[in-house]
Amino acid sequence: MTRYVVGIDNGSQSSKVTVFDERGGVVSEGRVPLRPNRSPAPGVVEHPDDDVWDSIAAACRIAMAAFPGDPSEIVGVGLCTIRFCRAVLRADGSLAQPVMSWMDARVGRPFVAEQDDVGWVTTSSGYVTHRLTGTFRDTAANYQGMWPIDTDTWRWSEDEAAYAATGMRRAQLFELVDPGAVLGAVTADAAVATGLPVGLPVVATANDKAVEALGCGLLDPTTLLVSLGTYIAGMSVGTRNVLDATDFWTNFGAEPGRYLYESGGIRRGMWTVSWFRDLLGADFAEAAERTGERAEDRLNREASAVPAGSDGLLTVLDWLAPADATFRKGSILGFDGRQGRAHVYRSILEGIAMTMRDRGDAMAAELGTPYERVVVSGGGSSSDLMMQIVSDVFQVPTIRVVGDSAAGRGAAICAAVATGVHPSFAAAARAMVVERDRFGPDPSTAAVYDALRAVHADVTAHTDEVYRRTAAIVG
C-alpha cells in the first residue's frame, strides 16, 4: 500500500498544506492567505480573530479535496508554525485573546496576563495542536525567545528564576515532546473542520526555520542553507548548543539533539527585489507579458547580459535599519551613465549574495566548520541568475531542490519518521528531498566578486556619517 504524509506549513503570509508520497512527491496541496495583522496599539501585532487556525483548516480542506487516493493511506501529519508567536488560552484551550505575531513587542518581554481567565501560555503550534488533537502538548523545538526552557535538555527549566524572569508559571505551560514524536490524534471535530481523517497522528516538528532546513535536506554541518525570503538568513546544523556566539545564534533543530545555527541576515531581503520590479510599473509588466514572460523573467534575462559587478554599481541592503543604527539607509552607488534597469536589478542580487557570503563566513569561522556547498531555498531560488551569482560569490556548488514548500516537506519528513514510513531523519531526507539542479562557480566571475566583496563590506563605514546627517534633517 502506498503511504502518504501531510505537511502543514503556517507562515507569515499564508498557511500551506501539502500531501506528499513517501518519496517526497507532491500529490495535492492547499494554500490560504492569512488576513492582515491587527495593530490596535503601538507594539501590538496580532492575528485577527482565529485566523491562524481558520487558515490552516481551510488549506487542509483544499488539499484533502484534491487528494486522489484513499484517505486511509495517509498515515500522519506534521505540524509546523512560525516561530516566536505567543498564544494565551483559557483553561479549556480556547483563545483568551488573539494570537500574538512574532512582530508583537510583547513576545520579547515577560508574560503579563491581560485577561482574568488565562489558563495556558503557549506557541501558535501548541494552540493548533490543541485544536487538532485536544491535547495540551507541544514541540519543545518551537520555544525560542522568552520561555523558561532549558536549551540543553529541551525541557522546562528546573530553575525557579527562569519562571520569574519570563513571568510564566509551570502550571501554565504545555507538556513538551521532541520533533518526530506524536502529539495526539485528529479529533472528530478537527476532522470536520479540516477534512483530515479522524485518528490521524499529529506529529511534532520545530520552529519554521529549522523545519525549512530539514525540508531542504540540511543534515551535514558543511552545508549552508541560504533562505531567500522577506528575511534572508544563512543556516547550518550541528550538535553543540552554542550559547555565547557573536556572529550567529542557536535555535532548536528539527531533529532531537541537533541545533540550527542562524547567521546574521538581511531584513527586507527579497522585498527589495519585489520593490524594484513594482517600481518599474504596469507598463513594464505588460510589455513582458506580451512576449510570454513574467516581469521577473524579463529582468533575469536582461540582467544575465550584464557583466559581473554591474559595471560598477553597488547595492547595500540596509533599507530597514538595525536597532543599533536607526539612521542607516540602503545605498545604490556608482551610477555613471552606462547602467539601466538590468544593472540595478543585478546589483541588488549581487548585494544579497555578497552580504550573505560575509555573514555565512563569519558564522563558519566561529563554528570552525567551512562550508563546502550552499543550498538555496525560498522564492529567489527560482532565478537561475540568482543561483549562479550565489555560486560565484560563495565559490562552491550551489544546489536547488525540487519543490517550493521546504517547511511543508520538513514537516512531512517528521511525520514520516514518527509513523515508520522511514526509519530515521537521515533516511527520510535522502528519500524525500530531491536535488533539482546545481550550479558551479565560474572562476573568472568569482574573481570579480572576490575583489568586490571587500569594497561592498566597506561601504557603510563611509555612508554612515552621511545618513546620520540626513536623518537629522529629513528623518
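Visitor: What should I know about the model before I start?

Guide: It is a predicted model, in which local features need pLDDT of at least 70 and side-chain atom pairs count only at pLDDT 80 or more, while totals for chains, interfaces and linings use all residues. Residues are numbered from 1 along each chain as its sequence is written, and side-chain values use heavy atoms, leaving out hydrogens and water.

Visitor: Which residues have the most contacts inside the largest nonpolar core?

Guide: In soluble globular proteins, nonpolar side chains tend to be buried together. A nonpolar core here is a set of buried Ala, Val, Leu, Ile, Met, Phe, Trp, Tyr and Cys residues joined through side-chain atoms within 4.5 Å; buried means under 20% relative accessible area, with exposed over 50% and partly exposed in between, using a 1.4 Å probe and protein chains only. The largest such core has 140 residues, and Val5, Leu132, Ile352 and Phe394 have the most contacts inside it. Helix H9 (residues 341-367) gives the most to this core, 11 residues. Helices are DSSP runs (H or I, at least four residues), numbered from the N terminus.

Visitor: What is Phe394 in contact with, beyond its neighbours within four places in sequence?

Guide: Contact means heavy atoms within 4.5 Å. Phe394 touches Leu224, Val226, Ala353, Met356, Arg357 and Val374.

Visitor: At what angle do H9 and H10 pack?

Guide: Two packed helices are described by the angle between their axes and the distance between the axes. Axes are lines fitted to C-alpha atoms, for helices over the stretch in contact, and angles run from 0 to 180 degrees between N-to-C directions. H9 and helix H10 (residues 384-394) pack at about 40 degrees, with axes 9 Å apart, which makes H9 oblique to H10. Angles under 35 degrees count as roughly parallel, over 145 as roughly antiparallel, 65 to 115 as roughly perpendicular and the rest as oblique. The residues of this contact divide into 12 nonpolar, no polar and three charged.

Visitor: How is H10 placed against H13?

Guide: H10 and helix H13 (residues 443-474) pack at about 70 degrees, with their axes 8 Å apart, and are therefore roughly perpendicular to each other. Ile389, Asp392 and Val393 of H10 meet Thr445, Ala446, Tyr449 and Arg453 of H13. These contact residues divide into four nonpolar, one polar and two charged.

Methods: Helices (H or I, at least four residues) and strands (E, at least two) are DSSP runs, numbered from the N terminus. Ala, Val, Leu, Ile, Met, Phe, Trp, Tyr, Cys and Pro count as nonpolar, Asp, Glu, Lys and Arg as charged, and the others, Gly among them, as polar.
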